[in-house]
Amino acid sequence: MTEIPLQNLLIALAVTTGAGLATGLGSLLVFASKKPNARLLAFGLAFAGGAMVYVSLAEILNKSVASYTLAYGDRLGFTWGTLSFLAGVLLIVTIDRLVPNPHERLEVDDPYFRQHNRDYVKRVGLLTAIAITAHNFPEGLATFFATLENPGVGMPLAFAIAIHNIPEGIAIAVPVYFATHNKAYAFIACLLSGLAEPIGAIIGYVLLRPYLSDAVFGGVFGFIAGVMVFLALDELLPAAKRYAKGHETVYGLVTGMAALAISLVLFKW
C-alpha cells in the first residue's frame with residue numbers, strides 16, 4: 001500500500017469511530033425503561049443471544065469463508081472458514097471447562113441464585129461485552145482499510161456496522177444496568193466496547209499493516225464467529241431463561257435475529 005495522505009487517514013478513522021460508537025445508541029434505548037426489571041432483562045439477554053448467533057452465522061462466518069476463498073480458492077476457502085469457526089468454539093469450550101461457572105443452578109428459587117443473582121448478571125454482562133468487543137476489533141480494521149482503499153465501499157460498510165452495533169449496545173447495557181442500577185456505567189460500557197473499532201483500526205494500521213492478508217482476515221472472522229455463537233448459546237440464553245416469566249426468551253431471540261437480519265438487508269440497498 002502506497003503512502004496515504006493524512007486527510008484520508010483521518011476520514012477513515014472518523015468513519016470507523018462513528019460506526020463503533022453507535023453502541024451507545026443501544027444503551028439509550030434501554031434507559032427508556034424507568035427501572036430495570038427481570039422481564040426486560042430476560043428479553044434483552046435473549047435479544048443479545050439471537051443477534052450474536054445471527055450475525056455470526058449469516059455475516060461474520062461468511063466473511064471468513066470469502067476471505068479464505070480469495071486466498072485459497074472455493075474448496076479450501078470453505079474448509080478453512082469452517083475450521084476457524086470450530087477452533088473458536090473449541091477455545092471457548094476449553095476456557096469454560098477451566099473457569100468455574102454455576103451452569104447447573106438454573107432455578108430462580110435456588111438460594112444461591114437469590115443471593116448472587118446480581119453478581120451472575122455482572123458476569124454475563126462482562127462476557128457479552130468481551131465477546132462483542134473482540135469482534136469489534138476486526139470490524140474496525142475492515143472498515144478502516146475498506147474506507148482507505150475505496151470510500152464508496154467503506155462508507156456503506158460503516159453504516160451497516162453502525163446499524164447492527166445498536167442491538168449490540170442493548171446486549172451490553174441490559175445486564176450492566178440491571179446489575180448496577182447505574183445508567184452511566186451501562187452507557188460507558190457500551191462506549192468502551194464501541195471504541196474497540198477505532199482502536200482495532202489504529203493497531204491494524206500501525207502494527208499489522210505489513211502482515212495483513214486475506215487468510216489472516218479469514219482466520220480472525222471465523223474464530224470470532226465461533227466464540228460468539230458458543231457464548232450466546234451457553235451464557236446468554238440460559239441466563240435469559242432464568243429471568244423469564246413467559247415467552248420473553250423466545251421473543252427476544254427472534255427479535256434479536258430479526259433486528260440483525262433487517263440491518264443487513266438495509267445494507268444491501
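Predicted model: local features only at pLDDT ≥ 70, side-chain atom pairs only at ≥ 80, totals over all residues.
Side chains of opposite charge can pair when their charged atoms come close. Glu59 and Lys63 belong to helix α3 and stand four residues apart, about one turn of the helix. The salt-bridge count for the structure comes to one.

Ser56 is another residue of helix α3. Ser56 counts as buried because its relative accessibility is 0%, and the limit for a buried residue is under 20%. With neighbours within four places in sequence left aside, the contacts of Ser56 are Leu61, Ala225, Met228 and Val229.

## Overall fold

The protein chain contains ten helices and zero strands. Read from the N terminus, its elements follow the order α-α-α-α-α-α-α-α-α-α.

Of the 269 residues in the chain, 50% count as buried. Among contacts with a separation of 6 or more, 85% are between residues 24 or more positions apart. The chain exposes about 13,300 Å², and carbon and sulfur atoms supply 70% of that area.

## Nonpolar cores

The largest nonpolar core comprises 56 residues, and those with the most contacts inside it are Val30, Leu45, Phe144, Ile172 and Leu236. At least two residues of this core come from each of the helices α1 (6-20), α3 (38-72), α4 (74-98), α5 (111-149), α6 (151-180), α7, α8 and α9 (214-243). Helix α9 provides the largest share, 15 residues.

Leu236 shows how residues from separate stretches of sequence meet. Beyond its neighbours within four places in sequence, Leu236 is in contact with Leu45, Ala48, Gly49, Met52, Val124, Thr128 and Leu231.

## Aromatic pairs

The count of aromatic pairs comes to four. In one of them, the ring centres of Phe43 and Phe47 are 6.3 Å apart and the ring planes meet at 40°, so this pair is tilted. Phe43 and Phe47 are separated by about one helical turn because they lie four residues apart in helix α3. Phe43 is partly exposed, with a relative accessible area of 29%, whereas Phe47 is buried at 7%.

The rings of Tyr68 and Trp80 also form a tilted pair, with centres 6.4 Å apart and planes at 35°. This pair links distant parts of the chain, twelve residues apart: Tyr68 is in helix α3 and Trp80 in helix α4. Tyr68 counts as buried, at 8% relative accessibility, while Trp80 counts as partly exposed, at 40%. Together with Tyr72, Tyr68 and Trp80 form one aromatic cluster.

## Nonpolar surface patch

A nonpolar patch on the surface is formed by Leu21, Phe137, Ile188, Leu192, Leu195, Ile199, Ile202, Ile203, Val206 and Leu207. Together these residues have about 840 Å² of accessible area. Helices α7 (183-194) and α8 (196-208) each contribute at least two residues to the patch. The largest share, five residues, belongs to α8.

Val206 is one of the patch residues and lies in helix α8. Val206 counts as exposed because its relative accessible area is 57%, and the limit for an exposed residue is over 50%.

How values were computed:
Residues numbered from 1 in each chain as written. Heavy atoms only, no water. Patch = residues over 30% accessible without salt bridge, like charges linked within 9 Å, V, L, I, M, F, W, Y side chains within 5 Å. Areas by Shrake-Rupley, 256 points an atom, 1.4 Å probe, with all protein chains shown as cover. Salt bridge = Lys/Arg side-chain N within 4 Å of Asp/Glu carboxyl O. Buried < 20%, exposed > 50% of the residue type's maximum accessible area, 1.4 Å probe, protein only. Core = buried A, V, L, I, M, F, W, Y, C linked by side-chain atoms within 4.5 Å. Contact = heavy atoms within 4.5 Å. Phe/Tyr/Trp six-rings, centres within 6.5 Å; stacked < 30°, edge-to-face > 60°.
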